[in-house]
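Have the sequence beside you as you read.

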Amino acid sequence: MATYEYPEFPYKAPTDLMHGAPQRRPLAVIGAGPVGLAAAIDARLQGLDVILFDEDNSVSFGSRAVCYAKRSLEILDRLGLGDGLVNKGVSWSVGRTFLREEEVYRFNLVPDAGHKRPGMINLQQYHLEEALVRRAEEVGVDLRWKHKVVGVQPLDDGARVTLETPDGRFDIEADWLVVADGARSNVRRELGLDIDGHVFKDRFLIADVVMKADFPAERWFWFDPPFHPNQSVLLHKQSDNVWRIDFQLGWDADPEEEKKPENILPRVKAMLGDEREFELEWASVYTFQCRRMKNFRHGRLLFTGDAAHQVSPFGARGANSGFQDTDDLVWKLALVIKGLAPEALLDTYDADRTYAADENIRNSTRSTDFITPKSAVSKLFRNAALELARTQPFARKLVNSGRLSVPAFLVNSALNTPDTDTFAGDMVPGAPLDDAPVRLDGQDAWLLDQLGNRFVLLAFADRADAGDAAQTTLQAQASELAALPVPVQVIWVTTHGGVVPEGMTVLHDRDGLVAQRLDARPGSVYLIRPDQHVAARWRGFQMGALKAAMNRATGQALRGQTAATAPHPLATA
């Protein structure tokens, strides 16, 4: 029983064939997977013209990536399609781990209230991709289906791309090229670029089955269950009554044999333990890989997502880290293209996202080593931790069935302004800002929905109409603030109500959670980047400090440096 009808997107005959010389484009994206589509949508929201090429004319086949983390949902909110995805997906925050049939560990991804989005949603990748395509069409991305990239030549001022279409072959040139063509990146391979890391000797079977089941919307992971002894199994609920089941197979398993329905169905029946009806919708066999390119920027070529790095699927760090790549990249690229920042700003994309990739690979490798121990000693340790976790809280911290995706805190980024004042809590420079409920114009709203796509100065006051020192200072310097090369919008966060002065954007901190999570008090100010990461914070506003922080956050201090000469921003980490 098919639960999804695959769309066919329209092929557009290239007008480029009528021109002798390659036509020039400001920005091209290769690959219409989730990451490439997100990059293209974000570019349009930043006011950039963008063309996107994909060799197919539909979405990916099979459920593939299914878990999208809270931070990804916040990014998708900023791109304008979070609500539809959350409504379609299965929301969950609780994960449970079992040894044989007994629960030994449980976690909650969002233990405290006051967040718009759940810890995760489960949604088949084809649903996500179709929503992204529709949004890309809506914002004006030039989508070119059945345009296969068969050659890329780096240029000093861009790249030349050779494309093959049903109407013939032609070249274009692009000032900038975002490469998002997946783990088997043809561009990366053709250019001979490195990708180093480790391939783990184990195999897992993915089986998507359609069934009506009363299991809760939680992540269930079994070690050594009676229905699949000496191996592990993972269960997730997806939309449309589709359930994802991952069976560990071992390295000696034959992938082609294991994908046959006659071999999959008995495994599923043994797991369910009853005679309920189900249908197999899709199956695949995969191996673990934890690898990345040494550098994600190569001149005017910028690699993102699986084209730049790969991790094992346990922990949902693949697509989620890809969304964070584009979240970091596109606002920087927009400033460079608009002439508001030096090209060296893009070296911080490379530095910050390779740092994040190493963090993801490290966590993914630890999960893989725990799930599939490679020696008798490591298996003994794993089994002892699981046994102890039944009764000993300390051992539960050792249980690792996949540390789930969390956003990277870019605490060593060259774009951060170090603290000169004392703050408590996690919202340090480089942190992705926590969400919280607010009221805007008398209506309930969310903090993060008011931020993004621009620099914002969050200024805290007791009341909107109090005329306190911070308000007076900012209002007196409004003209100087408006003259900054890169615009900064001021948004006030107030503890109490009051009449909002004309021209002010004021958020009422409805439950006090904004101030609590940011350790803010009247007079505190936070500078937030277009990707909703903290750039700087102070206990009081000073125009000179803001100007210096903006120079730093937009890469002005890097002006004149190149990738070959600029010091690595994380070299002193």
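**Notes on side-chain contacts**

1. Let's begin at phenylalanine 381, which counts as partly exposed because its relative accessibility is 45% (buried means under 20% relative accessible area, exposed over 50%, partly exposed in between, with a 1.4 Å probe and protein chains only). Phenylalanine 381 has its place in helix 10, residues 376-389 (helices, H or I of at least four residues, and strands, E of at least two, are DSSP runs numbered from the N terminus).

2. A word on the model: it is predicted, so local features need pLDDT of at least 70 and side-chain atom pairs count only at pLDDT 80 or more, while totals for chains, interfaces and linings use all residues. Residues are numbered from 1 along each chain as its sequence is written, and side-chain values use heavy atoms, leaving out hydrogens and water.

3. On the surface, Phe381, Leu388, Phe394 and Leu398 make up a nonpolar patch with about 380 Å² of accessible area together. Patches take residues with over 30% relative accessible area and no salt bridge, joining like charges within 9 Å and nonpolar side chains (Val, Leu, Ile, Met, Phe, Trp, Tyr) within 5 Å; accessible areas come from the Shrake-Rupley method with a 1.4 Å probe, and for residues only the protein chains shown count as cover.

4. How many aromatic pairs does a search of the whole structure find? There are 20 aromatic pairs (rings of Phe, Tyr and Trp, the last by its six-membered ring, pair if their centres lie within 6.5 Å; planes under 30 degrees apart are stacked, over 60 edge-to-face, the rest tilted). Phenylalanine 223 and phenylalanine 370 are edge-to-face, because their ring centres are 5.7 Å apart and their planes are at 80°. This pair links distant parts of the chain, 147 residues apart: phenylalanine 223 in strand 13 (residues 219-223) and phenylalanine 370 in helix 9 (residues 345-371). Both phenylalanine 223 and phenylalanine 370 are buried.

5. Another edge-to-face pair joins phenylalanine 460 and tyrosine 526, at 6.5 Å centre to centre with 65° between the planes. Phenylalanine 460 belongs to strand 22 (residues 455-461) and tyrosine 526 to strand 25 (residues 525-528), so parts 66 residues apart in sequence are tied together. Phenylalanine 460 is buried, at 4% relative accessible area, and tyrosine 526 is buried at 0%. Elsewhere, ring pairs link Phe98, Phe215, Trp220, Trp222, Phe227 and Trp243 into a cluster.

6. Now for the salt bridges, of which the structure holds 49 (a side-chain nitrogen of Lys or Arg within 4 Å of a carboxyl oxygen of Asp or Glu). In one of them, arginine 24 meets aspartate 175, with the closest N and O atoms 2.7 Å apart. Because arginine 24 is in strand 1 (residues 23-30) and aspartate 175 in strand 11 (residues 168-179), the pair ties together parts 151 residues apart in sequence. Arginine 24 is partly exposed at 34% relative accessibility, and aspartate 175 is partly exposed at 26%.

7. Arginine 78 and aspartate 42 also form a salt bridge, 2.9 Å from N to O. Arginine 78 is in helix 2 (residues 70-79) and aspartate 42 in helix 1 (residues 34-45), 36 residues apart. Both arginine 78 and aspartate 42 are buried.

8. Finally, the cysteines: the search finds zero disulfides (pairs of cysteine sulfur atoms within 2.5 Å). The sulfur of cysteine 67 has its closest cysteine sulfur in cysteine 290, 16 Å away, which is too far for a bond.
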